[in-house]
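Please look over the sequence and the model below.

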Amino acid sequence: MFETLSDRLTSVFSSLRSKGRLSDADIDATTREIRIALLEADVALPVVKAFVAQVKERARGVEVSQALNPAQQVVKIVNDELIAILGGETRRLRLAKTPPTVIMLAGLQGSGKTTLAGKLAKWLREQGHVPLLVAADLQRPNAVQQLQVVGERAQVAVYAPEPGNGVGDPIEVARRSVDEAKRLQHDIVIIDTAGRLGIDQEMMKQAADIRDAVSPDEVLFVVDAMIGQDAVTTAQAFMDGVGFDGVVLTKLDGDARGGAALSVRHITGRPIMFASMGEKLEDFDAFHPDRMASRILDMGDILTLIEQAQKTFDEEQAAKMAGKLTSGENFTLEDFLEQMMMVQKMGPIKNLLGMMPGMGQMRDQLNSIDDRDLDRIAAIIRSMTPGERQDPKIINGSRRARIAAGSGVSVTAVSNLVTRFFEAQKMMKRMAGGMGIPGMPGGRGKAAKAQKKAKKGRRVSGDPRKAALGKAPADASADEPKKGGVLGNLGGKLPPGMELPPGFDPSKLRLPGQK
């Protein structure tokens, strides 16, 4: 969504990194490039003016002029101002003190309200709530049926007493849905209202009447992030005609320039609360201004990546798999397939890698990633017998031909997968052996070091004071245990200034960890 804006801003900041100090001319040139980048991204002109003025004022202040790295300070300022324009902080849903909490969705037809209703319901169900979807869009053909299908996929109940297609009173349906939710003990009601292809008085009146009938705790305005400047006009019209408490952005995965996201909140004063980033019901989450700003500036979004991993991976299963990886033993193709399937559940690989810092500079490589390659690998492994998955060494030529035929790939593809698996297995075993790295468990160099030390014998320092510390008493037997615990083998006298106090018995000294 923000690729063009991200690329332009990244190039602007890269030109600043070579400068030890920024002049007024540098700041003017930078803010001019930022202005062009925002306008190209379809950001509303009033928003651009306010943003650039704030960045310029702060860039000429003390925080940049006295900074060791002015370029980094400018990036920080732009990041701060982007976060401010996007809302500052994440706005959570307001829940009613007495259930059910009523959430009303409003917006133009085609903005994705019905699908969004299902995504929101699924998201709330995963938070521990029991939502009820309400089919109050009785104008659009098959809108009721669509909501029922979406509700079934989201495993959420749907209240649809009227068939729709122009039949029924949406205001009465909305009113009765609250009583139905109380009766069936649903704690959240999500009302899907009708839209139009454009703004008209009839639609506004119906939405306002539904709002007055159910007194919703939250009115969410659903806006298509791909419609550019029209998003601001539509949002302002709904703000004046119906009023809303928060904004939901849909189709953030599209190829539009993203100006709507940066404009709607600033123009209406209402926060962006949720964002939809794909067609699947899982492609939905709360909107985090700081994370979105970080993505725009190509600084990554590690927090969202971690959260997705936590939601997808089972902790016990992950711990078991980590044990296999660190031991380097018994890691089979079955385990590899299981891990690959878990990663796929987190979403497209391109999107996951895109959350890593600096990946904006590798966009061409990311665009070339095809998730179907993972599907082909899965097909190859699933075409193997359980014995072949456990021990790929038994896969000979005839077996490879059979696996290739079963998975619809070439024999070469099967051979490459098996070869790469063996290489990965070897690498994991080397890592499990410690590879001689200090602190790694099972370091393979321990025995070798001990043997080497035994061969060399004790080294004697050329410093007489150190040599005296290392010498054992001349009359000490080789088989006799050295007395004095840790310090008992010092032997002789200590150097001047380091003598032990009279009566000190080293054998009674207890160091940490000794019993």
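Counting every side-chain nitrogen of Lys or Arg within 4 Å of a carboxyl oxygen of Asp or Glu, this predicted model has 20 salt bridges.

| Salt bridge | Closest N and O atoms |
|---|---|
| Glutamate 218 and arginine 91 | 2.9 Å |
| Glutamate 126 and lysine 122 | 2.5 Å |
| Arginine 389 and glutamate 334 | 2.9 Å |

**Glutamate 218 and arginine 91**

Start with the salt bridge between glutamate 218 and arginine 91. Glutamate 218 belongs to strand S5, residues 218–224. Arginine 91 sits in the loop between helix H5 (70–85) and strand S1 (101–106). The pair therefore ties together parts that are 127 residues apart in sequence. Are these two residues buried or exposed? Both glutamate 218 and arginine 91 are buried.

**Glutamate 126 and lysine 122**

This pair stays inside one helix. Glutamate 126 and lysine 122 are both in helix H6, residues 113–126. They are four residues apart, so about one helical turn separates them. An α-helix has 3.6 residues a turn, so residues three or four places apart point the same way. Glutamate 126 has 48% relative accessibility, so it counts as partly exposed. Lysine 122 has 10%, so it counts as buried.

**Arginine 389 and glutamate 334**

Arginine 389 forms a salt bridge with glutamate 334. Which parts of the chain does this pair link? Arginine 389 is in helix H19 (residues 386–390), and glutamate 334 is in helix H15 (residues 333–345). These are distant parts of the chain, 55 residues apart. Arginine 389 is buried, because its relative accessible area is 14%, under the 20% cut-off. Glutamate 334 has a relative accessible area of 30%, so it is partly exposed.

**A network**

Salt bridges can also join up. Asp24, Asp28, Lys56 and Arg60 are linked in a network of them.

**Helix H7**

Now turn to one helix. H7 has twelve residues, 143–154. At 1.5 Å a residue, H7 should span 16 Å. Its end C-alpha atoms are 16 Å apart, so the span agrees.

Which residues of H7 are buried? They are Ala143, Val144, Leu147, Val150, Gly151 and Ala154. Seen down the axis of H7, the buried residues fall within an arc of 125 degrees, so they line one face of the helix. What do they pack against? Their partners are H6, strand S2 (131–136), strand S3 (157–159) and strand S4 (188–193). H6 is also the helix that holds glutamate 126 and lysine 122.

**Backbone details**

Glutamine 155 follows H7. This residue is not a glycine, yet its phi is positive, at about 60 degrees. Glutamine 155 is placed in the loop between H7 and S3. At 59% relative accessibility, it counts as exposed.

Serine 215 is not a glycine either, and it has a positive phi of about 45 degrees. Where does serine 215 lie? It is in the loop between helix H9 (201–214) and S5. Serine 215 is exposed, because its relative accessible area is 53%, over the 50% cut-off.

Proline 99 and proline 100 are joined by a cis peptide bond, with omega about 5 degrees. Proline 100 is found in the loop between H5 and S1. Arginine 91 is in that loop as well.

Methods. Residues numbered from 1 in each chain as written. Predicted model: local features only at pLDDT ≥ 70, side-chain atom pairs only at ≥ 80, totals over all residues. Heavy atoms only, no water. Helix = DSSP H or I, 4+ residues; strand = E, 2+ residues; numbered from the N terminus. Buried < 20%, exposed > 50% of the residue type's maximum accessible area, 1.4 Å probe, protein only. Expected span 1.5 Å × (residues − 1). Arc of directions from axis to C-beta. Contact = heavy atoms within 4.5 Å.
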